[in-house]
Amino acid sequence: MFVDFLYELRRHGVKVSAHEWLTLMQALSLGLHESSLDGFYRVARAICVKEVAQLDAFDVAFLAHFKDVRLESLQVHRDLLDWLADPRAFDGLSDEERALLQSLDIDELRRRFEERLREQTERHDGGNRWIGTGGTSPFGHGGAHPTGLRVGGSGGARSAMQVAAERRYREYRNDAVLDVRQIDLAMRRLRRLGRDGAPDELDLDETIGETARNAGELEIVFRPPKRNRMKLILLMDVGGSMDPHARLVERLFTAASRAGRFARFRHYYFHNCVYNEVYEDALFRKPVSLADLLHTTSREERLVVVGDALMHPAELLQTGGSIYYYENNPSPGIASLKRLAEHFRRAAWLNPEPERFWPRTTIEMIAAVFPMWTLTLDGLDRAVRYLTGSAERPGIAA
């Protein structure tokens with residue numbers, strides 16, 4: 001009877017499979033839901049939601065399926081929020097007035113709030129009934145109702161009984177921009193461990209096995225230590241349209257360049273597009289030719305390019321189209337990018353621009369050459385899985 005709910009969850013992006021669904025059915029057969037809708041909500045959320053980022057999606061799907069509350073009805077009208085953005089001053093309540101208003105309970109508060117939402121058509125400030133700012137109304141902010149329901153604004157007086165539309169866990173959405181710790185955790189999965197070097201690490205399992213085969217006489221066995229064999233090259237677009245994304249790229253660079261992260265790590269800079277050279281410094285004073293870079297790099301190394309891929313089409317498609325007047329590239333920039341993409345068995349492009357800006361731009365052209373992901377938590381996770389070989393190359397809109 002709950003099959004439609006399964007598909008409702010999937011429509012809202014909750015990653016639920018047949019395995020979670022059978023587990024939920026088993027939980028229901030055991031009566032863990034206590035024969036109530038609230039109990040079913042708690043059990044279903046515990047089983048079906050594997051990531052904090054999907055809690056919002058689960059709530060929306062649950063309300064839509066069981067209570068016929070669609071996403072549009074959960075959003076406070078933008079006009080109302082605009083009214084509340086500019087509060088009016090309020091002098092406060094007397095002790096007698098405050099005592100009189102404290103009798104309003106939570107159920108009555110919620111009922112009146114929903115009633116006001118249906119009836120209100122204009123802005124109100126300083127009143128005692130409508131949703132607004134100041135005054136003694138229990139709805140809005142900036143007033144002095146002792147048991148109010150705050151909508152918008154900050155909790156200056158800290159007297160609200162509830163806060164409408166507040167959502168927790170927002171920092172953990174999978175489309176949020178990354179901090180150094182999140183990037184560092186993702187980078188830890190970008191490794192290929194193997195045993196290499198002198199045998200100076202105790203192999204406990206083999207020591208036990210050899211000792212048993214030697215009739216109990218101790219036979220110590222050593223082995224080479226496990227090291228990360230992953231080698232990474234990071235190419236970073238710098239300057240111009242990348243300036244607004246500088247701090248985000250700095251976080252990625254900080255996490256990638258930490259000592260011991262990779263067997264070999266090199267980084268270079270470019271602007272807009274790679275032509276004949278990349279640079280060891282952001283001032284472009286230490287050039288490295290593209291031919292030398294490819295000659296000194298194994299095909300098994302991993303390449304990560306970070307850039308917005310936005311430029312004039314001539315920069316990408318024409319000979320001599322470099323943005324620098326004094327630089328004459330003998331081949332189009334797209335040809336240099338293809339040389340890079342074809343040289344490495346696994347390469348990825350991380351783009352800080354939201355995906356909605358990709359179509360009908362040079363981003364779309366470059367995404368046809370490089371597997372491309374947005375520089376978000378989810379995008380970085382998918383790029384790392386592709387670089388380690390645990391995921392296939394995506395389509396152009398990754």
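**From helix packing to charged side chains**

Modeller: The crossing of helices H3 and H4 is right-handed, and since this is a predicted model, that description, like those that follow, is computed from predicted coordinates. Helix H3 covers residues 37-48 and helix H4 residues 55-66, and the two pack at an angle of about 140° with their axes 11 Å apart. On the H3 side the residues that meet H4 are Leu37, Phe40, Tyr41, Ala44, Arg45 and Cys48, while H4 brings Leu55, Phe58, Asp59, Phe62 and Phe66 to the meeting. Among contacts in the chain with a separation of 6 or more, 62% are between residues 24 or more positions apart.

With that in view, we can turn to the charged side chains. The structure holds 10 salt bridges, and one of them joins the side chains of arginine 264 and glutamate 301, at 3.5 Å from N to O. Arginine 264 lies in strand E10 (residues 264-270) and glutamate 301 in the loop between H11 and E13, so this pair ties together parts that are 37 residues apart in sequence. The two partners can be described by their accessibility: arginine 264 is partly exposed, with a relative accessible area of 31%, whereas glutamate 301 is buried, with a relative accessible area of 2%.

Glutamate 301 also meets the side chain of arginine 266 in a salt bridge, here at 3.6 Å from N to O. Arginine 266 lies in strand E10 too, and because glutamate 301 is in the loop between H11 and E13, this pair ties together parts that are 35 residues apart in sequence. Both arginine 266 and glutamate 301 are buried.

Elsewhere, salt bridges that share partners join Glu206, Glu210 and Arg213 into one network.

Glutamate 315 deserves a careful look of its own. This residue is placed in helix H12 (residues 313-317), and although glutamate 315 is buried, it has no salt bridge, the nearest side chain of opposite charge being that of lysine 338, 17 Å away. A salt bridge calls for a side-chain nitrogen of Lys or Arg within 4 Å of a carboxyl oxygen of Asp or Glu. What the side chain of glutamate 315 does have is a polar contact of 3.0 Å with the side chain of asparagine 272. Leaving aside neighbours within four places in sequence, the residues in contact with glutamate 315 are Asn272, Tyr275, Gly321, Ile323 and Gly333.

Gly333 leads on to helix H13 (residues 333-343), where Gly333, Ile334, Ser336, Leu337, Leu340, Ala341 and His343 are buried. The elements that cover these buried residues of H13 include H12, together with strand E9 (231-237), helix H11 (290-295), strand E13 (302-306), strand E14 (346-351) and helix H14 (362-367).

Key:
Residues numbered from 1 in each chain as written. Predicted model: local features only at pLDDT ≥ 70, side-chain atom pairs only at ≥ 80, totals over all residues. Heavy atoms only, no water. Helix = DSSP H or I, 4+ residues; strand = E, 2+ residues; numbered from the N terminus. Buried < 20%, exposed > 50% of the residue type's maximum accessible area, 1.4 Å probe, protein only. Lys, Arg positive; Asp, Glu negative; His and termini not counted. Polar contact = N/O pair within 3.5 Å; in protein donor to acceptor, adjacent residues only side chain to side chain. Contact = heavy atoms within 4.5 Å. Axes fitted to C-alpha atoms, helices over the stretch in contact; angles between N-to-C directions. Left-handed = near helix turned anticlockwise from the far one by under 90°.
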